[in-house]
Amino acid sequence: MPFHEMFEPDGPLRPCYAEVQSWVERTGIAGLNRRLEEAEAIFRRIGITFAVYGEGGDPERLIPFDLLPRIFTAQEWRVLDRGIRQRARALNAFLHDVYHRGEIVKAGIMPADIIYQNSAYLAEMADFTPPGKVYSHIVGIDIVRTGPKRFEVLEDNCRTPSGVSYMLENREIMTRMFPELFGQGLVAPVDDYPAELLKSLKEVAPPACKGDPVVVLLTPGSLNSAYYEHSFLADLMGIELVEPADLFVDEERVWMKTTLGPKQVDVIYRRIDDEYIDPLVFRPDSLLGIPGIFNVYRNGGVTLASAPGAGIADDKAVYIYVPEMIRFYLGEQPILDNIQTWQCGKPDECAYVLEHLHELVAKEVHGSGGYGMLIGPKSTKDEIAAYADRIRANPSEFIAQPTLDLSTVPTLGPAAVVGRHADFRPYCLVGKQIRLVPGGLTRVALTEGSLVVNSSQGGGVKDTWVLQD
Amino acid sequence: MLSRTAENLFWMARYMERAEATARLLTMGQRMAILPGAHHRDEWRSVVRATGNGSRVFPEGVQVTESDAVSYLMLDLDNPSSIRSCLLKARANAKSARTMLTQDMWEALNEGWRKLDSYDVGEARQQLPALIDWVKTRVMTFRGAAHSGQLRNEGHDFLRTGSALERAQMTLRLLDVKYYVLLPETEVIGGNRDHYQWTSVLYALSGARAYHHVYGGTYTPWQITDFLMLNRLFPRSVAYCYDQLAYRLNRLAGWHDSRGACHETVRQMVTDLEQLDSGEIFRVGLHETVQSGLRMTNRLGAEIARTYHFG
């Protein structure tokens, strides 16, 4: 049986859930389900949706929300907090290294081709140091729990981890609907996040910036699936939400077009992909890009957050080496474990994977969002055989991991509280300092036994509580 | 403020205003269609025409039915003035300028934004009064949310500029339709039928009660024209809208410490209108006066876009 976060293995309630348990008993399952409908109506009215393309039906879908919070004790959080910060530091050190001397390769710890043959590696970034040596300013680390004291990192997201708006909105709706739960001050607040993000972004202003940095958030536009989040964050930070066409380059600086004429921009929190940033440097067919912006960036006229090329650090093939990075760059022991991972690019590991595919989870190295993966135990013989053929055709494009005994969190069902698998994504902010609000996004698989929590595939979200001592 | 944001606010207000105006036109059409002899007069054609672009869709000589009008004005996505088009576009503008809206303004636009998707013409005709009320409530809630919650910064001025411009145009177009369709040459001005048609215009602009209070219950074409063109207290009159435009554009000039062609044009529009009285309007010709008003408002819209770097 997987670890249930609300109940000890032998059945009794874990103390951190006492408050929630008594609230469930007071309100009743039917009562909670009524409140859930209210909550969804509020989400819909506010417009907390994500866009789904090409599937017909509602073009703007609600992410299912679950009323029961996922809880970390203060003690659990201390471990997570240290582990997350450690990982964010190591990943940024790694990014600086691969775009400079490549010590980790020279030391024989990582093979060169994993980095330099990787499509996420941008040769254009070589020998350039972004302000504060920060490459990934928001590091989203996906963590699963596999036992009472065991947390493992599923993957790192160094480019543009999304979902933080749900962390904030889920809390907002919970405090709106159940103020009594928060009255005792047991739950650590997360609403500092936008202010902390703005501070972090201002701390990495470019050398050319004099005075208070002008920070903007760059979105591809209102059709983007995460547009709600973009506008929400810009709003909470009190900064302009710009689209690429609002920006242009002139005289070594970046400007935005305003009703008063051009206004200088210092820091761009960009939520568009590397390859679309600058058609002069990357994809010439990009209609989104801002011509010349990369050159301004390299000359210290503007800061791009996150840095182009940061994606190399969240590649699944690179992930395997993060514990080594922590030892190598920081001289520390890793606080959070990696999940055991086999690289199909290595012949002996590939042989093992092909033999055990029916019990493993196999993933494409560059895939994301739960697409293109195979969950061995839940697949048919034919599916496994077809996937094996794909691996054999292109082994270095695949990795595999054991199917984990993921913990389950209490989730509201129609008639009872049920256990569902969940993961957790905290958002670590990196400026001159490292900042982490106590919380993150808990994603939950709403189908019994399912391990897929991605919102693109029917997963839901819930509020995450870190209890104060 | 980003030029794109200003543009979105300006157009969002225009589309909301237009949605409401189209809803009122449908009410006017229904009122007129139940008057005696309605089917000889092709009342729905005049309604469609008042939106400014119906003549391409409905060729002369073929009767425009209520069903045609409801489909075209309420539901048709190919018609940029249909209520459905307007509400969808207003929401898209709002979404792009979301950081400039209050939560209440956004909710007013976001609630039920796909409601009209599920209607076909038959259902829409059946529930026309309820749908029209729904549209009016949406627009008034939106307007109220802006009125009571939005910062009085330049964003608010762009919003109000958009709605004043749209309103002026709608009133002008209605007067023009009156001239074309409701003033047949054979009819004596001031005749009985004329009376109904003029009052229907007042109803379409929610001005019937206000008109009574100002003119004491007698309907004459010149008084009604005076009311809709020149009355400075009626918020849908051309004069009132021009005053608003001048006021809002002046505020924008203040924010930006600079003036453009649009400021010159709006000053001219206000001055020209001040020279007029209703007698003068009928001497010059109502049609000519209205046409020149429409030309000026169109020009003003283009100049506002240039001055503030839209597009």
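Reply: Let us begin with a definition: a helix here is a DSSP run of type H or I with at least four residues, and helices are numbered from the N terminus. Please keep in mind that this is a predicted model. As a case, A:Ala88 is found in helix H3 of chain A, which covers residues 74–98.

Me: Is A:Ala88 buried or exposed?

Reply: The general idea is a cut-off: buried means under 20% relative accessible area. A:Ala88 has a relative accessibility of 0% and therefore counts as buried.

Me: With which residues is A:Ala88 in contact, leaving aside its neighbours within four places in sequence?

Reply: The contacts of A:Ala88 are then with A:Val139, A:Cys428 and A:Val430. By way of contrast, consider A:Thr27, which is 61 residues from A:Ala88 along the chain. The C-alpha atoms of these two residues are separated by 41 Å.

Me: How may I read burial over a whole helix? How many residues of helix H12 of chain B are buried?

Reply: One goes through the helix residue by residue. Helix H12 of chain B spans residues 221–230 and is mostly covered, with 7 of its 10 residues buried. These are B:Pro221, B:Ile224, B:Thr225, B:Phe227, B:Leu228, B:Met229 and B:Leu230.

Me: Next, how is the packing of two helices described? At what angle do helix H13 and helix H14 of chain B cross?

Reply: One considers the angle, the distance and the handedness. Helix H13 (residues 238–256) and helix H14 (residues 261–274) of chain B cross at roughly 150°, and their axes come within 9 Å. Angles over 145 degrees count as roughly antiparallel, so H13(B) is roughly antiparallel to H14(B). Their crossing is left-handed.

Me: Which residues of H13(B) and H14(B) meet?

Reply: From H13(B) come B:Val238, B:Ala239, B:Tyr242, B:Asp243, B:Leu245, B:Ala246, B:Leu249, B:Asn250 and B:Ala253. They meet B:Cys262, B:His263, B:Val266, B:Met269, B:Val270 and B:Leu273 of H14(B). By class, this contact holds 12 nonpolar residues, 2 polar ones and 1 charged one.

Me: What is the angle between helix H5 and helix H6 of chain B?

Reply: Helix H5 (residues 83–96) and helix H6 (residues 103–110) of chain B pack at about 150°, and their axes are 9 Å apart. The crossing of H5(B) and H6(B) is left-handed. H5(B) contributes B:Ala90, B:Arg91, B:Ala94 and B:Lys95 to the contact, while H6(B) contributes B:Trp106, B:Leu109 and B:Asn110. Sorted by class, the residues of this contact are 4 nonpolar, 1 polar and 2 charged.

Me: Let us turn to sheets. In what order do the strands S8, S9 and S10 of chain A lie?

Reply: In chain A, 3 strands form an open sheet in the order S8-S9-S10, with antiparallel pairing. Strand S8 (247–250) and strand S10 (261–265) are the edge strands, each pairing on one side only. On average, neighbouring strands of this sheet are turned by 45° against each other, direction ignored. Strand S9 (residues 253–258) of chain A is joined to S10(A) by 5 bridges. In S10(A), A:Val265 is the bridge partner of A:Val254.

Me: Finally, what should I look for in the backbone?

Reply: Most residues other than glycine have a negative phi, and most peptide bonds are trans. B:Ser206, which is not a glycine, has a positive phi of about 55°. B:Ser206 is in the loop between helix H10 (192–204) and helix H11 (208–215) of chain B. Phi of B:His309 is also positive, near 60°, and B:His309 lies in the segment after helix H16 (286–307) of chain B. As for peptide bonds, a cis bond joins A:Ala305 and A:Ser306, with omega about 0°.

Conventions. Residues numbered from 1 in each chain as written. Chains lettered and ligands numbered in written order. Predicted model: local features only at pLDDT ≥ 70, side-chain atom pairs only at ≥ 80, totals over all residues. Heavy atoms only, no water. Axes fitted to C-alpha atoms, helices over the stretch in contact; angles between N-to-C directions. Left-handed = near helix turned anticlockwise from the far one by under 90°. Contact = heavy atoms within 4.5 Å. Nonpolar A, V, L, I, M, F, W, Y, C, P; charged D, E, K, R; others polar. Buried < 20%, exposed > 50% of the residue type's maximum accessible area, 1.4 Å probe, protein only. Pairing = 2+ DSSP bridges. Parallel < 35°, antiparallel > 145°, perpendicular 65-115°, else oblique.
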